[in-house]
Amino acid sequence: MMNSASRKALTAFVVCSALLAAGCGSSGGGSSASSPTGNVQFWTLQDPTNTVQQAQVDAFNTAGTGKVTMSVISTDGFKDKVRTAMGSSQMPGIFFNWGGGSLNDYVKAGKLVSLDPSIFSSHFLPAALQAGTVNGKLVGIPARGTQPVFLFYDKKVFADAGVQPPKTWADLTNLVQVFTNKGITPFALAGSATSSWTELMWIEYLVDRLAGPELFKKIAAGDWSQWNDPAILKTAEMVQQLVAGGAFGKNFASVNYGAGGSSTLLAKGKAAMQLMGSWEYATQQAADPNFAKNDLGYVAFPSVDGGQGNPADVVGNPTNYLSVTTAAAKTTAVDFLKTTWSDAYVQGLVAKGEVPVTDNAKAALTKAPDPAYAEFQYNLVATAPAFTQSWDQALGLTLGTPLLTEIQKLFNGQSSPQQFVSGVLAIKH
Amino acid sequence: MASLIAGRTARRQRALSAAPTLERPGAAWAVPGLLFFAVFALAPMVGVLYLSLTSWDGLSTPQFTGLSNWSRFLTDGQVLQSTAVTGALLIGNILVQAPISILLGVWSAGRQRNRAVLSAVFFLPLLLSTAATAVMWQQLLDPNFGLPAHLTWLFGNASPLGSQSGAVACLVLVTSWQFVPFHSLLYQGAARAIPETLYQAAAIDGAGRVRQFFHITLPQLRNTMITSTTFMVVGGLTAFDIVLLLTNGGPGTDTAILPFMMYQTAFRTYDYGYASAIASFLLLLATGASVLLTRLSGYDRMTGTLEGL
């Protein structure tokens, strides 16, 4: 039996711990810097270009106004780590990010510094700066290469079938027939729940070709009712027809992207094409350098007859960005961002296989590992009237995650086109 | 040395003199355990309950919104589906794992050398982490380059992870592959603890192997079955890693069990308030299940299987 004293002690424990738990929720906001110059903490994502960034930081620290300290953080958990730090006193001064909706919450919470467009806009391709602008404020400066999405194809499979890569939607549906008759999957598609972003690429391009970039712009700006647009339903119906026609094979629902998944299907000649971001080249090169060099072809996404969108429009990841938080010494941080178009930095990125979005990048591309491929991407982006950011990035995870689920259900045949539209409409409460 | 012995004797005398009163340890003895429980279990539970009444994105301060998360919870079709899938996985796991691990455990309890060697092989999956297991099986189950492509007589033309029933079956099989060794180990230990005299007496009465198994071994393993099933139920309700890595809740949301749904709501869509409501429900479910299990099995009466021996 517990006596009354110990029962009181127990009650005290419970109350104390409840107070503790409640206290955890309301930790203070980030520290804000008082002096305009000083030390700036810079968080970046771990990848092969880190050496280029380190050289950029070192050069800045010897000549610049203040010091920048770079911390490299591994890919897994990068976003979570930034998110956690942004609510605390450990907030970084500058951090690497994906622009668009990934910055929405931070802008709303007043964590980011709004930058002066007149300093930056003349140095970058306009399409790339767009996704660095949130709610009309420039908060992200391009710092990496561009990653447009386009069609990759197996030259050998095409030569064997005696056909050309598609230029129009009619070409594309015809090719689906040709390859299914030959027992080759027309398009490699990674449709497992982990890789459903590859299915999103189809929706993005079809909506852009049918309705133009304005439709998604309205959605991203907050008008969720735009999903009622007939172009969305039409897109869903086209996807349904592709799936029914065997365009993606039978078992794409459990295929993953990457080594051992959809890319291997393309490399082994089991699939003819794959709609993918520009990083596909590097993926193929890592798995089979000979295939990447000799047989991997690439073309822009075809036009769709009767659509209002410009066939030169591109979707994908315009680039990655650097943002300045209220914790940074502002002058030092802005001065550091000005080094993102320095010749040394741009050339360093090009040497690593990236295609930077600065105005001086084109001249540097001749030194790229594969100049033809680099120039193809640069021209695709430079001549594109609109570069729509990947929707999951543009919308942010809160809306992007359930959207990916709805797209998956559409491709898997679990939802009809009408159910897809109503399912997406129901995401935003 | 001498003082040590003297001290020990004195302590023993004190203990002896205290023994006849047979007093239970005072409440103070529970303080360390209680403190630990309060800080690491009760406090987070209270915190989660509070958060379930708020709207919180993790950046700003939580806004108190009353019961809105809960009314959303009650009308959310996904909750129903997730609960059903969680239940299906739970029952599937118990139905597959319990019989196999009982048989394997009892078999490996024998002292023959070949059994010892084979048991060591059977227990290997226990050494692998769930992450490694999931990645390995994901490769093995790839529809184009894995087992299904080569064993068409078994899989047909279907991709096992591409349909709901297939994905649930895969989850059950992979979980069983990993955890049957653990439960077998429990049964092996318990089977070895059954007194040999029981079998000798049964043999004299003319009971065969099968009869001995059903009338001696199984009843003697009753408490172990409860322990093992409790592990399976609680583990099944919180199993999350295997779902995240093997199916990521897919196809669609077909294998999004409750813990996965909670994770996705909290750490993918940053809706901590609603995620806390799901967490509270899960807490309720797990507590209810384990209370039910101990009540139904009579475990709480603390009776032994060796009474009368």
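At roughly what angle do the axes of helix 3 and helix 15 of chain B cross?

Residues are numbered from 1 along each chain as its sequence is written, and chains are lettered from A and ligands numbered from 1 in the order in which they are written. The model is predicted: local features need pLDDT of at least 70, side-chain atom pairs count only at pLDDT 80 or more, and totals for chains, interfaces and linings use all residues.

Colour by pLDDT, the predictor's confidence in each residue, from 0 to 100. For the complex the predictor gives an ipTM of 0.76 and a pTM of 0.82. Chain B has a mean pLDDT of 86, with 90% of its residues at 70 or more. Select residues 1-18 of chain B: the pLDDT there is below 50, and beyond near neighbours in sequence the stretch has zero contacts in the model. Two residues are in contact if their C-beta atoms, placed from the backbone, lie within 7 Å. Where pLDDT is low, the predicted coordinates should not be read in detail.

Show chain B as a cartoon. Chain B holds 15 helices and two strands; these are DSSP runs numbered from the N terminus, helices being H or I with at least four residues and strands E with at least two.

Now select residues 68-75 and 272-297 of chain B, which are helix 3 and helix 15. Their axes come within 9 Å and cross at roughly 65 degrees; axes are lines fitted to C-alpha atoms, for helices over the stretch in contact, and angles run from 0 to 180 degrees between N-to-C directions. Show side chains for Asn69(B), Trp70(B), Arg72(B) and Phe73(B) in helix 3, which meet Gly273(B), Tyr274(B), Ala277(B) and Phe281(B) in helix 15.

Next, show both chains. Here 40 residues of chain B are in contact with 41 residues of chain A. On the chain B side, helix 2 (31-51) and helix 14 (258-268) each give two or more residues, and helix 2 gives the most, with ten.

Finish in chain A, where five strands form an open sheet in the order 2-1-3-12-6, with mixed pairing. Two strands pair if DSSP finds at least two bridges between them. Strand 2 (67-73) and strand 6 (141-142) each have a single partner strand, so one side of each is left without a neighbour in the sheet. Select residues 321-324 of chain A: this is strand 12, antiparallel to strand 6 and joined to strand 6 by two bridges. Tyr321(A) is the bridge partner of Pro142(A).
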